[in-house]
Amino acid sequence: MKEISLLKSQLLNGDYAQRLAHLYCCNADQTAQQAQRYVAVLDGLEQTFGSHTYAKLFSAPGRTEIGGNHTDHQHGRVLAGSVNIDMIAAVSTNDKAQLRVQSEGYDLCVIDLADLSARKEEENTTMSLLRGTCKAFAERGAALSGLDVYISSNVPKGSGVSSSAAFEVLIGTILNEIFMGENKVSAIEIAQIGQWAENVYFGKPCGLMDQMASSVGNIITIDFADPAKPIVQPVEVDFAKAGLALCILDSGADHADLTDEYAAVPNECKAAASVCGADVLRNVPFETFLTKIPEIRRQHGDRAVLRAFHFYADNDRVPQQVSALQQGDFDTFLRLVTESGNSSWELLQNVIPAGYKTHQEVAVALAVAKEALHGKGAVRVHGGGFAGTIQAFVPVEMLDTFKAATEAVLGAGKCHVLSIRPEGGVAL
């Protein structure tokens, strides 16, 4: 940790300009706003918890899913990347044996480090994620002691860019850096800890892609055939050099109350797999699945069958996308993105929550974006779906008109032009 006064001085004097330029994908002379964000969390730390002498700064990025929609929880393949929006934190110590976390705009969370057992009443709350992450690090030998954490974020909550994964990775990175010493865990294990906390303490049966993309960083393809030992490979690609802008469009719908919709996707896929004698679809040969369709329909209904069809097709698309990117074949890549989006809507059915008639924001966002692209680029539902965001690859020469056309319907500031961030969760 550094003296807070020194940290502020170095940030404002440009000593961190090159580091910030690297994280936020810009020139060093464009980093003043980012530096001010870090100064602000240092101020927030002391305004919330009182005077501190020393602090440390951390960052964890949001993520974008590029290929493999809802394939990770079936031990499938994904293609994902970290992006240049993030959660940042200023961290210092306290003598109270408590983890005290203040996220800007939210209630203060206080965890007693002597009691890290899961609590049913904390499910679906930030407290559960904090307690679960602390428990995981304690089990790995971390001698936890009191910390004060002040967090600020420009990752929109409920947006599909995965603010929850960024939060989990941020807390994991903080605990890893401060308490693990020479026994630090890997970025992959930080992601696994985040998933475990979300599954066991928060009560959401999520996959591992979101946390992995935020923790590892850059563009990666991941094979979850053995989820305990996922195979992670970097994919070198520069969308800007290919003449493509990566856009995330906020549909205006919040997915905070849609946990049951998200849970139904892995549950129905696993139900289909169980009829075939396996725990997940990755362990079921496609030919076996085809022979079992009548039985799956009888036991679990037609939607489980359609969602399984989506898994097999999208899982096969991921290595095709990786190959296309590696060969610089962006026409094929864009075609595959479009196919994935169509499959998500038609088979996976994660665009409109069941029974929704008046509110179909993601569907409207997709229709508006497709119209604005006039058959160029590609657009698809992004991440978990049902609410949040969609993703578009837009030819740079169309970016201004695309942004204007989509924001005319979705609202000003709803089209975010992002870059792939070269690092995941880090201490500044």
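## Helix H3

The model is predicted: local features need pLDDT of at least 70, side-chain atom pairs count only at pLDDT 80 or more, and totals for chains, interfaces and linings use all residues. Residues are numbered from 1 along each chain as its sequence is written, and side-chain values use heavy atoms, with hydrogens and water left out.

Buried residues of H3 include Gln34, Tyr38, Leu42 and Phe49; buried means under 20% relative accessible area, exposed over 50%, and partly exposed in between, with a 1.4 Å probe and protein chains only. The partners against which the buried residues of H3 pack include helix H1 (4–12) and strand S3 (77–93).

## Threonine 406

Threonine 406 lies in helix H13 (residues 399–410) and counts as buried because its relative accessibility is 1%. Not counting residues up to four places away in sequence, threonine 406 touches Leu249, Val368, Ala369, Ala372, Gly411 and Cys415 (heavy atoms within 4.5 Å).

## Cysteines

The count of disulfides (pairs of cysteine sulfur atoms within 2.5 Å) comes to zero. For cysteine 25, the nearest cysteine sulfur is that of cysteine 26, 7.6 Å away. Cysteine 247 has the sulfur of cysteine 415 as its nearest, 4.1 Å away; at 0% relative accessibility, cysteine 247 counts as buried.

Methods:
Helix = DSSP H or I, 4+ residues; strand = E, 2+ residues; numbered from the N terminus.
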